[in-house]
Amino acid sequence: MRILIAEDDLTSRRFLLKFLSQYGECDIVVDGIEALDAYLLAAKENNPYNLICLDIMMPKVDGIKVLKAIKEFEEYRMIVPEKRAKVIMTTALMDTECVHEAFELGCEAYAAKPIDINKLIEVMKKLEIIS
């Protein structure tokens, strides 16, 4: 499995990397521009991400805009739903409006920080990313 971790907070980034590395190859980016660049490069190389952990509040371009661009790209490329990246939005914010918008744009799940490993495992099983 290929995993993209888009997270500007060092502690969260390290935590996600340590936890998710057991499930696959992880790439890390620290802002929205890098997230889009990494996603598009992976698509161009025909080696797309299976899972993207995307922080809502990131520098340069926020996670909502990144999610929107990814989902528009998948639509444009006519990628069938089962081949699309599963996106888990992460945030320390309790901004329900942002969370609703993320779900409307096509994210599959939401994880509040600090991230609870058991809940993350449960979400990943529900999304059939892990068994």
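Mentor: Let us begin with axes, which are lines fitted to C-alpha atoms, for helices over the stretch in contact, with angles running from 0 to 180 degrees between N-to-C directions. Helices (H or I, at least four residues) and strands (E, at least two) are DSSP runs, numbered from the N terminus. This is a predicted model, in which local features need pLDDT of at least 70 and side-chain atom pairs count only at pLDDT 80 or more, while totals for chains, interfaces and linings use all residues. Residues are numbered from 1 along each chain as its sequence is written, and side-chain values use heavy atoms, with hydrogens and water left out.

Trainee: At what angle do the axes of helix 2 and helix 3 cross?

Mentor: The axes of helix 2 (residues 32–44) and helix 3 cross at roughly 20° and come within 10 Å. Helix 2 and helix 3 are therefore roughly parallel to each other, a term for angles under 35 degrees, whereas those over 145 count as roughly antiparallel, 65 to 115 as roughly perpendicular and the rest as oblique.

Trainee: And which residues make the contact between them?

Mentor: Helix 2 contributes G32, A35, L36, Y39, L40 and A43, and helix 3 contributes V66, A69, I70, F73 and E74, where contact means heavy atoms within 4.5 Å. Sorted by class, that contact of helix 2 with helix 3 has nine nonpolar, one polar and one charged residues; Ala, Val, Leu, Ile, Met, Phe, Trp, Tyr, Cys and Pro count as nonpolar, Asp, Glu, Lys and Arg as charged, and the others, Gly among them, as polar.

Trainee: Switching topic, what does UniProt list for D55?

Mentor: An unreviewed UniProt entry lists D55 as "modified residue: 4-aspartylphosphate", and such annotations may be inferred rather than shown by experiment. D55 is in strand 3.

Trainee: Is D55 buried or exposed?

Mentor: D55 is buried, because its relative accessible area is 2%; buried means under 20% relative accessible area, exposed over 50%, and partly exposed in between (1.4 Å probe, protein chains only). Leaving aside neighbours within four places in sequence, D55 is in contact with A6, E7, D8, G63, T90, T91 and K113.

Trainee: Now the backbone: which peptide bond is cis?

Mentor: The bond from K113 to P114 is cis, with omega near -5°. Most residues other than glycine have a negative phi, and most peptide bonds are trans. P114 is found in the loop between strand 5 (109–112) and helix 5 (117–126), and P114 is exposed, with a relative accessible area of 77%.

Trainee: What about phi at K60 and M78?

Mentor: Neither is a glycine, yet K60 has a positive phi of about 70° and M78 has a positive phi of about 55°. K60 is in the loop between strand 3 (51–55) and helix 3 (63–76), while M78 lies in the loop between helix 3 and strand 4 (86–91). K60 counts as exposed at 70% relative accessibility, and M78 is exposed with a relative accessible area of 70%.

Trainee: Last one, which residues does UniProt list as a domain?

Mentor: An unreviewed UniProt entry lists residues 2–128 as "domain: Response regulatory". Over residues 2–128 the chain is 46% helix and 20% strand, and the end C-alpha atoms are 14 Å apart.
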